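Please open the structure in your viewer and keep the selection tool at hand.

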Amino acid sequence: MGIVVIGDVFIDVKGYSTSPYIPYGRNAGTIVQIHGGVGRNVVEDIANVELEPTFISLVDNDAMGEDVIQKLNRHKVDTHYMKKVENGMGTWLAVFDHEGDVVASISKRPDHRPIEQILDEHGDEIFKDADSIVIEIDIDKEIVKKTFHYAEKYHKKVYAIVSNMSIAIERRDFIRRTACFVCNQQEAGILFSEDYENMTAEEMSEILLERIHSAKIPQMVVTMGRKGAVYADENGQKGVYPALKVDVVDTTGARDAFFAGVCIGLTYGKSLREACGIGTRLASTVICTSENICPRFMPEEFGLAR
């Protein structure tokens, strides 16, 4: 069944200013609408490394929802467990400045309750053959609870990403049960109640090793933008993986691609550092386009053996 991803589908409406953005002013630019959502981005990134993941999610019961499913099918994502329901997809409206950074955004979250029903009806068949599990840790708590129940029942590793850290910090017990938790520098500061804004990557790696030990988190990776990514595990391994230099167009989806690469690497036998290398390469291909996902790769390009 490959890697099983549990998460959201969003439709992203993105406006790009072609000159320095002026708040409250009229800004000329371009507007695009594409498929998004953390879970959807991650599952398509995994599929684009030809690994045929399974997606547990929802879409709207309309032409747009069908379009999302058909695109995922073309990329060899197993959509058998996706449901079409009312308010199944979220919407993200964002404005970017001329350097590709988000300057304003509004989100509408979907109704997650039908995902819980999918797990109730098909949990055993989904989890028993999964290579690993990926989940947005801030999705509805009952869904997270059921996911860990089935994962532990079938001895499957769970990899977690976050989109709303204010929710995630209330779920530290689940974070401790993950095989690896991935977040950005600001989110790590929220998680550990510290300010990491002006910290170097080397300093962050030292602190991360200490913090995961006291927090009892097995493995953790913190992305730091142009400074790269830092990683640490409970066995004392730590380090910095440098970012690749590319021309930035749009940073949306870069963290999701990085996370997908980390999950791919750890699921299929790579070290934590090697997994960060896969994530870095996938993320670097996303930020130089307006797309949310990476292009196609072959598993052999990363030395992967399933």
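Select A201, M204, S205, I207, L208, I212 and A215: in this predicted model, these residues of helix α8 are buried. Now extend the selection to residues 201-215, which make up the whole of α8. The helix has 15 residues and reaches 20 Å from its first C-alpha to its last, close to the 21 Å expected at 1.5 Å a residue.

Next, display the largest pocket, with a volume of about 1900 Å³. Its lining consists of 48 residues, and N184, T251, T252, G253 and R255 are those nearest its centre. Two or more lining residues come from each of β2 (10-17), α1 (38-47), β8 (102-108), α7, α9 (254-267) and α10 (272-286). Colour the lining by residue class to find 17 nonpolar, 17 polar and 14 charged residues.

Finally, turn to the second largest pocket, whose volume is about 180 Å³. Select G15, Y16, N27, I31 and V95, which lie nearest its centre among 16 lining residues. Here β2, β3 (29-36) and β7 (90-96) each give two or more residues to the lining, and β2 gives the largest share, five residues. By class, this lining holds nine nonpolar residues, six polar and one charged.

Methods:
Residues are numbered from 1 along each chain as its sequence is written. This is a predicted model: local features need pLDDT of at least 70, side-chain atom pairs count only at pLDDT 80 or more; totals for chains, interfaces and linings use all residues. Side-chain values use heavy atoms; hydrogens and water are left out. Helices (H or I, at least four residues) and strands (E, at least two) are DSSP runs, numbered from the N terminus. The expected span of a helix is 1.5 Å times one less than its number of residues. Buried means under 20% relative accessible area, exposed over 50%, partly exposed in between (1.4 Å probe, protein chains only). On a 1 Å grid over the protein atoms alone, a cavity is a set of points where a 1.4 Å probe fits but cannot get out, and a pocket is an open set with protein on both sides within 12 Å along at least five of seven lines; lining residues have an atom within 4 Å of a point. Grid points are joined across faces, edges and corners, and a volume is the space filled by probe spheres set on the points. Ala, Val, Leu, Ile, Met, Phe, Trp, Tyr, Cys and Pro count as nonpolar, Asp, Glu, Lys and Arg as charged, and the others, Gly among them, as polar.
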